[in-house]
Amino acid sequence: MGSLNNLTEHLETFVDVTRSPTHHAESLKAIASSLEKGVLSINQLVVEMDMYLTTTDDVVRARGILLLAEILNHLKSKPLDNAVVHSLIAFFTSKLEEWRSLRGALTGCLALLKRKGVAGVVTATDAEAVAKSMAQNVQVQSFALHDRKLCFELWECLVEQYPEAMINLGNLIVFATCEAIDGEKDPPCLMVAFHVVELLARLFPSPSGPVASEASDLFEFISCYFPLHYTHTKGDEASIPREDLSRGLSLAISSTPFFEPYAIPLLLEKLSSSLPVAKVDSLKCLKDCAVKYGVHRMKKHYEGLWSALKDALYSSPGRDLSFGPEFLTSPGFEMDEIHREAADLLQRLVKQDISFLGLVVDDIRVNMVFDTISRYSRYEEMPDTSKLEVLVVSQILSVSARASVDSCNIIFQTFFFRLMNTLGIVETTSTGDLVHKENSTVSTRLYHGGLHLCIELLTASKDLIPSSEESSSTPGSAQQSWCSIVNRFSVPLIGAFTSAVQSSNDDCSADAYLGVKGLLAMGMFRGGSSPVSRSEFEKILTTLTSIITAESAKTVKWELALKALVCMGSFIDQYRESEKAMSYMGIVVENLVSLVRSSQCSLPYPLILEATSEVCSTRPKYVEKMVQGFEEAFCSSFSDFYANGNFKSIENCSQLLECVTNKLLPRVTEIDGLEKSLVHFAISMWNEIESSFVFSYDFNGREFVEAAMKTMGQIVGVALVDSQNSIIQKAYNVISSSTLPAMESIPLTFAALEGLQRDLSTRDELTLSLFASVIIGVSPKASIPDVKPLIKLFMVSFLKGYIPAAQALGSMVNKLGTGSGGANISTDCSLEEACEIIFHESFASGNTISSDDSSKSKCGSETLLSKICLGFYGSLDLQTRAITGLAWIGKGLLMRGDGRVNEIALVLMECLKSSNSSGNAMHPSAMKHAADAFLILMSDSGECLNRKFHAVIRPLYKQRFFSITVPILESLIVNCQTPLSRTMLHVALAHVISNVPVTVILDNTKKLLPMILEGLSVLSVDAVDKETLFSLLLVLSGTLTDTKGKQSVSDNAHRIIECLVKLTAYPHLMVVRETAIQCLATLLELPHGRIYPFRREVLQAVTKALDDPKRRVREEAIKCRQAWTSITSRSTPV
């Protein structure tokens, strides 16, 4: 803004209330920008604004004051002279008396008061003047929401940033706060108001201060909001989450101990409310009050608090003990929010004042639980009231024990001996004393209630022991009491829990659950001060491991034991328990790993693998041991198979490889050293194949080959480049010495190609498939030797029918360098050379097809591979294999953005014609393979050519292929003369459309919709294309729900409805019928006139669907019929 005229224009714009908010904002921004750049000074601005600030026109004056305030709000960081700040704050303070100018005055005061860290801040004297004016002149509750919020924010700023000045005002500021809060109902204002109360409590902590003297009135104004009755919805502009507002109120109530006489009775009263939210809020607030008010003030309320806590704990509905493995590390029952908050409050009170524990210890209801425990031996025999007693008291005692070492000592001294007496570990003498029975037999005293209570106490106490590093600096006397008690009874306790496990059967999971959970609790004490000795810890490990190895099936006991061992392994690793780690390695890990290597075990091999992988994954050293064991087991089983024909061994190999793939490989980035171990495992696999010159027994080992391929490929995929090179070299050495066709003697004549048969032995097929998986998984930076002969090998192999060879060839052309500085997968072959081999050199009769305008080799219909696809040479089998192989090669080129894929696409389109351009008739099977080739080209493959296997992926490659192929396919469909060819062309088009990003479809809805509808009609004739039909239907459903295609959908509504009505009776796939009915319901969003004429046809179709054999279809039909019936009474608009 370079002139005074511009300033005047902006001033006039802002004060003009008839102008739009956008114009106001632009004028404000322009003026503030001039001030920030120094083009205009604040003094000049005030002089120019004098007329607007002093005019008798209330509206203009208010707008002028607001403009000045907003400008200052933009200039918080710009230095101003102290005199200027003083003048401005005095001006805004004086305007607090004018209710019409209040918003500007409040905004201006706030902008100036919040200035800090720069020259020109408001002095304490001026701040005090602002506060006085606010208290005397501003009636907060008489203004609108925005202005009220500004008032509260101004009070908040004054109290928080100018405490010394506010202290001088004393009672005045407290009275003003009470008056401002009185009657407030809007959450944004209340949020700030509660914080102001909290700040006042900090400002006046003295018993003789204004907060103390006015505590009753101040509390009365905030207590009326407790508990919050929240009616604001999430859509409200001024909405604040209820949790935040409730937290603010709780902090205000607990902000000063002077509220204690009023707050605690109120909270205890609300705690007895029938509303769950009132109970939760009361418990949370009591927890805050316990901390802020202090022990001295809270002590008088202890009895009321304890009574209320008990009621809250006992009143929580629906609690029952569960015995599943998922509850092994939790209390064993679901706790609602009331129960959790009550437990937290109890722990806070006990931790803060140990005397509160006296109420717990002396409580009659707590002490009576031991009678309940001894009355029922089995949990399921207890009535519901007794179950509740046991669970609640167990929770009360465990929470209290967890509060501190002292509280834990008291709980154990008071209750643990009685508990041991119930379990038969101690006995009562004639004098009434409890004496430890040295040779106690507990097998007949396994009371479930007692075991549960014992476990809860042990679990609560274990966290009170410091770690190994801390124990050296922590005096042992603090833990001596409870710790010595546990130590004294550790042997019989372990015996009791072991007996519970051993006595369990399939009919009673409670014994197994309580026994395993008890052993887990005894094994989880950490540090050098653990009450459980190393020998006892090893006994626990032995017991749990024996459960794993002795079972013959996956029972509940087996799952519990495995979960416990995993928890203990993680615990050892977390707290670096070196001695326990040695025991765990020797007893658990080595035993399970030896079972993997052993062929003599009653436990099914998959369960052995599951247990071993779960247990060993808890620590890197265990993982290393496990991989070594897996490697030895694989080598042993594989050798046993090819030497002795033991089919059980090869089955074990398959299961072991699946375990490596599913359990270990996903964690390769989490576990140090795992990558190196897995690479060694992969090389060992190749060593075994290399040593097995021939299998003694041939077999149909498809399952094993697939498992080995998956494992090998994923190991190569996660390996570093150097490791990949090691695997590649080993694999190449093996395949070079195999009985596969010599790579240099690939057949070059058509007759030789025509005679190819799928004749590889099992061993050769395994070797070829594994080598293909290596090539599929390697990085573009890896080095492959002798690429050219390998290309020839893969070509002959995929023409024999081995799909992995085609996938490997596609991966090679995807990752090969261009020969002109690109990343090379090999040093001896570029992409150009590879394409020459694939499409020309190896199979053409000495003639190379030259390019008119490019050095790139061509791969169109003149190449031998293309001629085989088109049926010029060879059998039908050879033709279909060539089409599939060409598709995978094309996919590799497509993903890297190579233009040669367009020629491949044209060849495949020629294969879709009943008779191609040369007059050759195409077999229906070949046409089907050609149509499905477009699925290979466009779909995301999980087997190869993906990011996991380091594929080269050019952005938007699918979009480019779509834009090139779809127009050609549409033209071919329009000009097609035979039904079969038309169907195959629609299948190909459906594959392209279904696999392109949805945004592309939505951008081309108008053009594509007629073809989609025709495709749905054509594909619905035969069950062979049902999956393709469903994919295309999903594309249609996407266009129906998006606004971009709404007009096209509306224009074609009659055709869409006709198509969907037919699909509601499609017999071959349930999800097609279900989706078609859902789409019909979606069409109701179209204009009434477009859909109303077809209501009868739709209702007839969905009425028939009510008798569909599938429930999901019937449910959708009911909803759709109801929706369409509702429009029948409307009149059709003109």
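Guide: Helices (H or I, at least four residues) and strands (E, at least two) are DSSP runs, numbered from the N terminus. Keep in mind that this is a predicted model, so local features need pLDDT of at least 70 and side-chain atom pairs count only at pLDDT 80 or more, while totals for chains, interfaces and linings use all residues. Residues are numbered from 1 along each chain as its sequence is written, and side-chain values use heavy atoms, with hydrogens and water left out.

Visitor: How many helices and strands does the protein chain have?

Guide: The protein chain has 58 helices and 2 strands. Of its 1134 residues, 55% are buried. Contact here means heavy atoms within 4.5 Å. Take the contacts between residues at least 6 apart in sequence: 73% of them join residues at least 24 apart.

Visitor: Which residues of helix 36 are buried?

Guide: First the general idea: an α-helix has 3.6 residues a turn, so residues three or four places apart point the same way. In helix 36 the buried residues include Leu674, Leu678, Phe681, Met685 and Ile689, along with Glu675 and Glu688. The buried residues of helix 36 pack against helix 34 (620-644), helix 35, helix 37 (702-718), helix 38 (721-736) and helix 40 (762-777). In helix 19, Tyr302, Leu305, Trp306, Leu309 and Lys310 are among the buried ones.

Visitor: And a pair of helices? At what angle do the axes of helix 24 and helix 25 cross?

Guide: Two packed helices are described by the angle between their axes and the distance between the axes. Axes are lines fitted to C-alpha atoms, for helices over the stretch in contact, with angles from 0 to 180 degrees between N-to-C directions. Helix 24 (residues 384-403) and helix 25 (residues 405-422) have axes that come within 6 Å and cross at roughly 140°. That makes helix 24 oblique to helix 25, because angles under 35 degrees count as roughly parallel, over 145 as roughly antiparallel, 65 to 115 as roughly perpendicular, and the rest as oblique. Leu397, Ser400, Ala401 and Ala403 of helix 24 meet Ser407, Cys408, Ile411 and Phe415 of helix 25.

Visitor: Is phenylalanine 412 buried or exposed?

Guide: Phenylalanine 412 sits in helix 25 and is buried, with a relative accessible area of 0%. Not counting residues up to four places away in sequence, phenylalanine 412 touches Phe417, Leu457, Ser461, Trp482, Ile485 and Val486. From phenylalanine 412 to alanine 401 is 11 residues in sequence and 8.1 Å in space, C-alpha to C-alpha.

Visitor: What about lysine 462: buried or exposed?

Guide: Lysine 462 is in helix 26 (residues 448-462), and its relative accessible area of 16% counts as buried. With residues up to four places away left out, lysine 462 touches Met524 and Phe525.

Visitor: How many disulfides are there?

Guide: A disulfide is a pair of cysteine sulfur atoms within 2.5 Å. By this rule the count comes to 0. Cysteine 635 is in no disulfide, with the nearest cysteine sulfur, that of cysteine 653, 8.7 Å away. Cysteine 1079 is in none either, and the nearest cysteine sulfur, that of cysteine 1059, is 9.4 Å away. Cysteine 635 is buried at 17% relative accessibility, and cysteine 1079 is buried at 3%.

Terms used:
Buried means under 20% relative accessible area, exposed over 50%, partly exposed in between (1.4 Å probe, protein chains only).
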